[in-house]
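Let's take a look around this one together. Have the sequence and the model open as you read.

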Amino acid sequence: MKESIKSALIEIAGEEYVSTFEEELYFYGRDPGLSFPSNPHYVVLPENTEEIQQIVRLANKEGIPIVPLGAGLSLTGLAIPRRGGIVIDMKRMDRILEVNEKARFVIVEGGTSQGKLQAYLEKHYPRLRHSIPDAPPTATIAANVVIHGQGRLSQQYGFNSDLVAGMEVVLPSGEICKVGSCAVSPYWFSKGPPLPDISGLFLGWFGTTGIITKLAIKLYPRKKMRDLEIFVTDNENLISDIIYEVTHTEMVEDITIFAQPWPLFFKDNSHICIYFTGDTEEELEFKRRVIWKALEKFIESKEGGFMWVQPSMKPTFLDMPQRSVARFADVKRGGGFEYSGPILLVEKYPECMRKLRELSTKYNLAYSAMARIIDTAHCMMFAFAFAFNRADEDMVERARRAMAEVSKFIIEVGGVFWKPTVEEQKLTIEHIDSGTLKLLKMIKNHLDPNNIMNPSNWELR
Amino acid sequence: MGELRFNENLCLNCTTFDCLKKCKFVKLNGAKGNLEMLKIARGEDSTVLRTCITCYACEEYCEKGNHPFYLISEKREEKGIDIVPRPILKQWINLGEPVGRYKVGELREKTLSFGFVPEFLQWVKGKLFEDVMPSYVFGQEFFCNVAYLHFGRTSVIKQRLPIVMDNFSKLGIKEVICLHDECYGAFTSLAPAFGIEVPFKPIHYYEYILKRLEQLKDKIRPLNIKVAYQRPCSSRLSPPMHYLAREIFTSIGVELVDRVYQDENALCCGEVVRLQGLYDLAEELQRENIEDIVKSGAEYCVFNCPYCYAALGHKLIKKGVKPIHIIELCRMALGEEV
């Protein structure tokens with residue numbers, strides 16, 4: 001830690017928004033997953049874009065790393081400052097700047113949380129909603145799109161990053177760049193079209209090419225009612241057929257699948273949660289019937305059926321975001337939880353399940369599988385999840401080894417890592433097309449010549 | 001647990017053919033139904049094995065006590081005729097598997113059995129149960145498993161019910177007040193039909209409630225309300241107990257309104273039918289039940305079975321009828337908040 005840098009940061013953001021206290025650095029150096037911790041030297045909480053520009057310029061001048069931070073919930077170490085430096089905690093930049101109700105988009109600052117936007121829309125725009133991910137409400141909207149997150153509307157509209165409608169980005173040089181229609185118009189309705197789409201220079205890069213200080217995301221109709229049916233099957237080979245039929249109805253909001261051995265009620269089955277919405281009872285019941293009829297052939301063959309979701313169970317399933325993940329995370333006590341959630345074809349579901357069970361047995365770990373269907377079943381996110389007690393070193397190590405095997409498996413089945421760990425990023429780079437790699441390197445080297453932006457992520461040099 | 005005591009001769013000499021003639025679902029008139037029942041008894045295939053929706057009603061319709069429904073259930077399983085999708089069957093069989101998470105209160109020789117119905121942990125309190133609580137048992141270890149008749153799996157009942165009986169015995173329980181008809185039916189109808197002795201005295205909770213209401217009659221504030229009553233399938237295993245509901249209503253100043261689907265003509269709540277994957281039939285049953293209740297002019301619909309309550313309750317609320325379990329209704333009459 002250099003006093004001169006600390007003083008410069010205080011000059012930029014104010015004394016109470018800069019910390020070098022060990023106790024605070026400790027928390028900024030880790031997440032609840034399996035990644036090894038590494039503390040930053042400084043933490044700063046800027047209030048606006050100008051302060052971020054100054055911090056980036058300072059870091060460039062001093063040659064020290066910068067790690068932009070949302071809520072630090074990636075679980076895969078994406079915001080762990082492996083080379084120390086400055087963590088830029090975005091949480092003070094949480095203003096909701098504009099809602100265009102008729103054009104259905106909202107502009108927010110880069111540190112705005114999912115929970116804040118959810119509450120704001122519920123209060124002021126009850127007919128609008130955004131694609132809420134199943135992360136804690138403190139997760140930020142910007143960080144979620146930077147990792148190509150998914151949410152409650154991903155089945156209908158794609159990855160949450162597909163729903164971006166414009167960005168303001170501070171480049172590694174400290175300059176500001178506007179992305180999308182907002183670059184030429186006062187309206188933030190598109191991240192690219194009809195212009196050249198440069199949003200890909202930032203989305204999926206984990207903050208290694210710039211810091212999003214403002215962004216617009218698309219909003220969608222929020223119906224008055226929401227319900228679900230859960231289709232259960234013990235024949236994993238049928239999952240992709242079932243999903244194909246359900247998505248063909250075009251009646252469905254969200255589709256998730258879960259499978260876990262405990263409690264016994266869930267053992268040996270995969271549970272396809274099919275969510276649908278309506279403004280009236282009639283609309284809701286019409287959709288329910290269409291969904292039932294679409295799966296009738298599986299019921300008649302006795303291969304699957306709709307389970308009874310009692311009214312008392314429904315609030316748990318209809319919760320947004322889902323809290324059940326947090327409950328699973330602590331099943332072994334000690335609050336350790338990590339999952340690898342590759343994006344792959346829905347037809348790979350049975351292979352993924354087999355691998356998950358095999359690893360659970362091999363490493364004696366509690367497992368849970370959760371999948372989310374993306375964009376009318378073009379692909380899915382399949383989460384290989386293990387819970388562990390962080391105080392139990394042996395269990396942590398077993399979980400680490402199991403995750404390493406998952407990573408190899410994902411490549412074998414043609415999957416692509418989602419929010420990959422550093423090791424998974426290296427695996428991706430090893431397997432990526434050489435022309436693609438060359439282009440990625442050109443982009444990274446050009447945008448961040450001093451390699452100060454969230455280093456150790458997407459290490460392409 | 002042994003073989004089902006089914007007497008083919010009783011069917012041969014039957015002149016009413018009520019079991020399937022009265023059935024709302026199988027729809028076999030007169031001697032045709034009798035013929036099908038005899039085919040089933042002889043181990044032959046029958047359309048009934050595929051069309052029965054497990055409403056239990058034929059157990060009540062057969063006045064000779066010949067257990068037509070138990071027979072249908074046994075033969076279905078013998079012939080490998082699945083009535084619910086395999087994953088749903090697995091789910092429910094797993095649900096009833098004892099896992100050591102049962103609860104027992106301060107046990108005495110007389111105890112309440114909540115079976116495996118968590119709602120009773122909330123509902124069973126107050127003056128009505130003062131003389132027996134906190135003597136209760138709850139959990140899979142005390143679950144009668146009769147629900148598996150709905151799934152055509154008598155074998156599960158045969159395997160688990162003796163263990164359940166044993167669990168009661170080990171605790172020194174001599175009298176069991178059953179809060180669900182299925183438990184009472186298990187001990188008074190199904191167990192004898194399969195030749196198994198019950199090592200305690202089963203008491204239906206309607207008998208218990210009536211006795212308690214008599215003891216507490218000074219504290220009863222007549223409710224002066226009109227109620228409809230939704231009879232569950234499981235009460236077909238002990239018809240005389242069903243009729244005690246009327247006495248309970250009288251003793252708390254409640255008027256039981258007439259409805260089409262009353263007493264012997266009761267209509268299934270539909271939820272089991274939904275589990276079988278028969279969406280349209282389930283919808284029809286629920287619609288008919290709800291329309292009938294609404295038409296009756298009742299302010300409340302009283303439930304005996306918590307699962308019928310869960311199936312129809314929220315739909316009735318939307319139609320302006322308040323759902324309530326009979327225990328809550330009685331507690332209301334005793335001036336307690338429910």
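Which residue is the bridge partner of A:Val169 in β9(A)? That partner is A:Cys177.

## Before going on

This is a predicted model, so to speak of local features pLDDT must be at least 70, and side-chain atom pairs count only at pLDDT 80 or more, while totals for chains, interfaces and linings use all residues. Residues are numbered from 1 along each chain as its sequence is written, with chains lettered from A and ligands numbered from 1 in the order in which they are written.

## The five-stranded sheet

In chain A, an open antiparallel sheet runs in the order β5-β6-β10-β8-β9 (strands are DSSP runs of E, at least two residues, and helices runs of H or I, at least four, numbered from the N terminus; strands pair if DSSP finds at least two bridges between them). Its edges are β5 (96-100) and β9 (176-179) of chain A, each pairing on one side only.

Four bridges link β8 (residues 164-170) of chain A to β9(A). Helix α3 (residues 49-62) of chain A packs on this sheet and touches β8, β9 and β10 (211-218) of chain A (contact: C-beta atoms, placed from the backbone, within 7 Å).

## A covered strand

Strand β3 (residues 66-69) of chain A has A:Ile66 and A:Pro68 buried on one side, and A:Val67 and A:Leu69 buried on the other (buried: 20 or more other C-beta atoms within 10 Å of the residue's own, all placed from the backbone). β3(A) runs parallel to strand β4 (residues 86-89) of chain A, joined by four bridges, and A:Val67 stands opposite A:Val87 there.

## Where the chains meet

Here 18 residues of chain A are in contact with 19 residues of chain B. On the chain A side, β12 (225-233) and β15 (304-306) each supply at least two residues.

Definitions and conventions. Two residues are in contact if their C-beta atoms, placed from the backbone, lie within 7 Å. A residue is buried if 20 or more other C-beta atoms lie within 10 Å of its own, exposed if 12 or fewer, and partly exposed in between; C-beta atoms are placed from the backbone. Axes are lines fitted to C-alpha atoms, for helices over the stretch in contact, and angles run from 0 to 180 degrees between N-to-C directions.
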